[in-house]
Amino acid sequence: VDGLLKQAGSFRRGEVIHECALDNNELERERGITIVSKCTAITYKSTRINIVDTPGHADFGGEVERVLRMVDSVLLLVDAFEGPLPQTRFVTRKALALGLRPILVVNKIDRDGCDPHGTVNAVFDLFVALGATDAQLDFPVIFASGRNGYAVKDPADPPGDLTPLLDMIVDRVPPPRVDISSPLCLQVATLDYDDYLGYVAIGRIVAGRIAMGERVLRAGKEDSREQFRVQKLLAYQGLRRFEVADALAGDIVAVTGMSELNVGETITSIAQPKVLPLMAIDEPTISMQFIANNGPFAGTEGKYVTTRNLRDRLISELKSNVALRVEDTDSPDTFKVSGRGELHLSVLIETMRREGYELCVSQPQVIFRDGPEGREEPYEDLLIDVDDPYVGVVIEKLGRRAGRMREMGPAGPGRTRIEFTIP
């Protein structure tokens, strides 16, 4: 994304830009991962290209699922050395299920020992395994080095810049299928909160148009409805968010003025309301107990220490973190918090700690459920690169944990790659 922004001239000359410019969260910079989806836009050859940067880790699948409805295609970024990983399978399955036709970007082709063409074949096999259509299997391929800022149609071509990738986006990505003459319809894909603006609803306009000062309707679940006036209408360009007078169907915008907001709600016309169904999000897989700090050092580090503080913070997190679940327990100072995985919950815990909340947490517990064939439990795709002498030991130890080997093959000189399905 940094390369695309730079290629489109989104940065001023001499401007100091951090690596991974859209990852503006402290935790994202420290861990080197994307946690929250973010929107931006560039203009290339008189064409406006909206870009949504999404997480790649399965624990943040809720972020991916809610923004895929905002886009018309996806850039599937795969490492030329490692090939498609388990998280690649997860996010790709979601995109293919929505009928999106991806563009494959084979990255890091400048790395020693990489296999760009082998990676393309591995991605094709992955698409077949995920049930892709014939149209989706006919995906375009571009080879790139994101760090060095170039893309080529063949790894043997001399490096230049990212123009081939942008040309491919303009040529192969279809324009949004929208109806400007229909009543306004915008589904909130993500939200923000500003001390000055209040709630900020971010999403793509599916139909119609919206203007600053216009009265619109916010429709949510359980017949929750609110009429409000659009106080601010913001659009994206590069790293900036700026005011616009109006916006049309196909634009990704930010809207302010409502008193309450939840992800998945619809902003629509008052006279001819059209409410979109709420997004389907995968169920949580693990849970933890969040307890108000009752230890001997309570109150010595944080400033929010009571059960009420903890409850209010968790309830507010539910508004934007759609994959999270919070339940009361028999104890008034304990809450059962369920998420997509350990990383999902650990990011929430660390965020709350930095905000000044004190809390105790229990050991994670796997969530079981009753299915049509009996009790069901979540499972993970495990991928291991191991030196050849230790393959037998790894297979033996994972077998004791009910791991089932799906595939095994070479991963370079003296190394083997093994794929498991494991509870």
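1. Arg369 is exposed, since its relative accessibility is 53% (buried means under 20% relative accessible area, exposed over 50%, partly exposed in between, with a 1.4 Å probe and protein chains only). Its salt-bridge partner is Glu376, with the closest N and O atoms 2.8 Å apart; a salt bridge is a side-chain nitrogen of Lys or Arg within 4 Å of a carboxyl oxygen of Asp or Glu. Glu376 is partly exposed at 28%.

2. The model is predicted: local features need pLDDT of at least 70, side-chain atom pairs count only at pLDDT 80 or more, and totals for chains, interfaces and linings use all residues. Residues are numbered from 1 along each chain as its sequence is written, and side-chain values use heavy atoms, leaving out hydrogens and water.

3. The salt-bridge rule gives a count of 21. Side chains of opposite charge can pair when their charged atoms come close.

4. Helix H10 (residues 391-400) holds both Glu396 and Arg400, four residues apart, about one turn of the helix; helices are DSSP runs of H or I with at least four residues, numbered from the N terminus. These two side chains form a salt bridge, with the closest N and O atoms 2.7 Å apart. Arg400 is exposed at 63% relative accessibility, whereas Glu396 is partly exposed at 43%.

5. Within helix H9 (residues 342-354), Glu350 and Arg353 lie three residues apart, and their side chains meet at 2.8 Å, N to O. Glu350 is buried at 18%, while Arg353 is partly exposed at 41%.

Note on methods. Helix = DSSP H or I, 4+ residues; strand = E, 2+ residues; numbered from the N terminus.
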